[in-house]
Amino acid sequence: MNIIESKNLDLFYSSHQALKNINLSFPENSVSALIGPSGCGKSTFLKTLNRMNDLIDGVKVTGQILYNGKDIYASDVDVNELRKDVGMVFQKPNPFMMSIYDNIAYGPRTHGIKNKAVLDELVESSLKGAALWDEVKDRLKKSALGLSGGQQQRLCIARALAVKPKVLLMDEPTSALDPISTSKIEELVVTLKDKYTIVIVTHNMQQALRISDLTAFFLLGNLIEVGKTEELFSSPKEKKTEDYITGRFG
Amino acid sequence: MKERAIGIIFTLLGLVSVLFVLLITVYLIVSGVPAIGEIGFINFMFGKVWRSTGSDPQFGILPFILTTIWGTIGSLIIGLPIGFFSAVYLAKMAPKRIRDIFVVIIGVISGVPSVVYGLVGMLVLVPFVRTVFNLPDGASLFASIIVLAVMILPTVIKVSLTSLEAVPKDYEEASLALGATKIETYFRVSVPAARSGILTSVVLGIGRAIGEAMAVMMVAGNVANMPSIFKSVRYLTTAVAIEMSYSSGLQRQALFSIALVLFCFIMIINGILMVLRRENKDA
């Protein structure tokens, strides 16, 4: 069952075409990696999935993105509801300048949850979900900015989980982190796929190999190849894919 | 050698400006304290009657102090919401062209001499207030509050705008990605993140309102009444300015004392500002 699917997707920044006819689908409860050199369109594609591209002036999208079979670019779609279902974790950890607790509670509060007991429960379960609870349970009221970079990124994941999304988009979530923090996030991603569908953009091919079920290779706005991760890395069908994963360019 | 010479010159020039400030402070204290001693601190600060030239002179400056406080608060009540929401609009919602045009206009407005505000207030606002509220004279606390509110606007907008625009895009994106609307994001993420800058703009506005003399003198009526919204009132600043040219003896000394009180007000405001700035750095 595919939870998200793009059909004939084109994206233009003013006159420059950044994505060309992308057809790609993501099965439920899987981890999919988007790889490719800088500027290939993988991050741009990721952002079309929860319409974060709307925020950039001059972006035009044609084609369809189906979420549970419904086109998210249709005019009757509430983009805030969509983003509640399709959450996002960014490249640089970006916790709010608030306490750890308030960071997690921000999303649920935005969506109208005021009951303290419910919020407490959500904060705890989200932090546990992001494998951060044990490290921060005694300092929930302290500023989130006092956490290490890796902890901040897990906090951002917990914050995204707190609104109970179905899909989690991750835009190079470990590129600003040290190796130990990176491996913690990677372990976390693998456990998260039991409950969520994850699409992760990564520069790191080893990472894609370690954590993803599916891998899609982008180049210059085109989707070159997509397949089961092991197959794509062991026996790529396309010459360009082979050149990229064997390190001839990129 | 050359380096050292330049270093010494700069140090001296720097010291000169510090010296001026110190001189003014010392001068104010030396010339302001004696009258307070003679009149009595309580009588001076809390006396309700200012009659400096009668046969039985009284030097109570409570009317001036309260007028200054009420005038400042009143101008903040009107000016702050307008300034704050303008800043949010310009920083987050306005098309870039409109924002740029406004920034230029605000820059120009903040450079307008206060006597011009006073003139417009005197010729337009005062008669207007008189007719609308059916008063014998429109020059009043109310008129001065309006003028001060307009005068603090550029400061409030400019400083708030700068700090709102300095909020990293990351924060806003994080909020939007959680499904918050843009308005929710601006008021729950951007504004709190810009909090200390916005507070700074408020304090700067207060400083401007307290220190303003000329514009206020032209629209407030300048009678030493206890403040009341439609009465003619006199601010601390104008109290000094009006009588200085013909004052003598204890009256003159008392004017220095008023200046000293005003000076203390401004020092307190500056102290608050320094604390805010420090917090800003920590955050």
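Analyst: What follows describes the sheet of chain A, then the annotated span of that chain, and then chain B.

The model is predicted. The open sheet of chain A has 6 strands, and going across it they come in the order β6-β7-β8-β3-β9-β10. Their pairing is mixed. From one strand to the next, the twist averages 20 degrees.

One pair can be followed in detail. Strand β3 of chain A (residues 31–35) and strand β9 of chain A (residues 214–219) run parallel and are joined by 4 bridges. Within this pair, A:Leu34 stands opposite A:Ala216 of β9(A). A helix also belongs in the picture: α6 of chain A, residues 149–161, packs on the sheet. Helix α6 touches β6 and β7 (167–171) of chain A, and its direction makes about 170 degrees with that of β6(A).

The wider span comes next. In an unreviewed entry, UniProt lists residues 4–245 of chain A as "domain: ABC transporter". That span is 37% helix and 27% strand, and its end C-alpha atoms lie 26 Å apart.

An unreviewed UniProt entry annotates residues 65–273 of chain B as "domain: ABC transmembrane type-1". This span of chain B is 80% helix and 0% strand, with its end C-alpha atoms 21 Å apart.

The domain assignment divides chain B into domain 1 (2–46) and domain 2 (62–282). Taken over C-alpha atoms, the centres of domain 1 and domain 2 of chain B are separated by 26 Å. Where they touch, 12 residues of domain 1 of chain B are in contact with 9 residues of domain 2 of chain B. On the domain 1 side, the elements giving two or more residues are α1 (2–39) and α2 (41–46) of chain B. The largest share of that side, 9 residues, comes from α1(B). By class, the side of domain 1 of chain B that touches domain 2 has 9 nonpolar, 2 polar and 1 charged residues.

Notes
Residues are numbered from 1 along each chain as its sequence is written. Chains are lettered from A and ligands numbered from 1 in the order in which they are written. This is a predicted model: local features need pLDDT of at least 70, side-chain atom pairs count only at pLDDT 80 or more; totals for chains, interfaces and linings use all residues. Two strands pair if DSSP finds at least two bridges between them. Axes are lines fitted to C-alpha atoms, for helices over the stretch in contact, and angles run from 0 to 180 degrees between N-to-C directions. Two residues are in contact if their C-beta atoms, placed from the backbone, lie within 7 Å. UniProt positions are given in the numbering used here, feature names are shortened, and annotations may be inferred rather than shown by experiment. Domain bounds come from an automatic or database domain assignment. Ala, Val, Leu, Ile, Met, Phe, Trp, Tyr, Cys and Pro count as nonpolar, Asp, Glu, Lys and Arg as charged, and the others, Gly among them, as polar.
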